[in-house]
Amino acid sequence: MTDRSAQGSAAVAVLQALDGRGWSIAAAESLTGGRLTASLVDVPGASAHVRGGIVAYATDVKASQLGVDAALLAERGPVDPEVAAQMAQGARRVLGADVGLSTTGVAGPEPQGDTPVGTVHIAVATPETVVVSSLALSGTREEIRTQSVQSVLELALTLL
């Protein structure tokens, strides 16, 4: 199974789980640059559940569009577990979804300050909880971005 087909399978499973609950979903993405939302909307019938996605690649966009605390961003930077949590919550709020997903991290090729390549934080926010997972991924920029999408879809499945 290729990475793309694995993502497709995970996206299908997430959408089926949402269907069972009558819930909608939205994404807030940084390092994945829209790939997470694309993996969901690649599934036929996704419009029944996908509200949309926000690519908040620049740090200031995380604050202005998703409501991530500017002081948190100034203190810790954009690659932080709490930033991922606030991004997922922001996606829920801004896009009016039941579930918010988020990705933030360093895909490379260079570290971001003291943060090494492969450091990724993903989050899933539901009406019931917010769960963050911190990952140390390896591989090329492409592989890290692909693994990030797969990981957040898998995390969403565990909560749905």
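Colleague: What should the 19 residues of helix H6 span, at 1.5 Å a residue?

Modeller: This is a predicted model. Helix H6 covers residues 141-159, and at 1.5 Å a residue it should span 27 Å. Its end C-alpha atoms are 28 Å apart, which agrees.

Colleague: Which residues of H6 are buried?

Modeller: First the general idea. An α-helix has 3.6 residues a turn, so residues three or four places apart point the same way. In H6 the buried residues include Ile144, Ser148, Val152 and Ala156. Others among them are Arg145, Val149 and Leu153. Thr146, Gln150, Ser151 and Leu155 are buried as well.

Colleague: Which strands pair with E4, and in what sense?

Modeller: Strand E3, residues 99-105, pairs with E4 in the antiparallel sense over 6 bridges. Within that pairing, Leu101 is opposite Val124 of E4. E5 also runs antiparallel to E4, joined by 7 bridges. Ala125 has Val130 of E5 as its bridge partner. E4 and E5 form a hairpin, with 4 residues between them.

Colleague: What does Ser133 touch, not counting residues up to four places away in sequence?

Modeller: Ser133 touches Val120, His121 and Ile122, and also Leu155.

Colleague: How do E1 and E2 run, parallel or antiparallel?

Modeller: Strands E1 (residues 25-29) and E2 (residues 50-55) run parallel, joined by 5 bridges. From E1 the chain passes through helix H2, residues 35-41, to reach E2, and this β-α-β crossover is right-handed. As for individual residues, Ala27 has Gly53 in E2 as its bridge partner.

Colleague: How many aromatic pairs does the structure hold?

Modeller: A pair of aromatic rings is described by the distance of the centres and the angle of the planes. Here there are 0 such pairs.

Colleague: What lies over the face of Trp23?

Modeller: Arg21 does, at 4.4 Å from the ring centre.

Methods:
Residues numbered from 1 in each chain as written. Predicted model: local features only at pLDDT ≥ 70, side-chain atom pairs only at ≥ 80, totals over all residues. Heavy atoms only, no water. Pairing = 2+ DSSP bridges. Helix = DSSP H or I, 4+ residues; strand = E, 2+ residues; numbered from the N terminus. Right-handed = clockwise from strand over helix to strand, strands pointing away. Contact = heavy atoms within 4.5 Å. Expected span 1.5 Å × (residues − 1). Buried < 20%, exposed > 50% of the residue type's maximum accessible area, 1.4 Å probe, protein only. Phe/Tyr/Trp six-rings, centres within 6.5 Å; stacked < 30°, edge-to-face > 60°. Lys NZ or Arg CZ within 6 Å of the ring centre and 35° of its normal.
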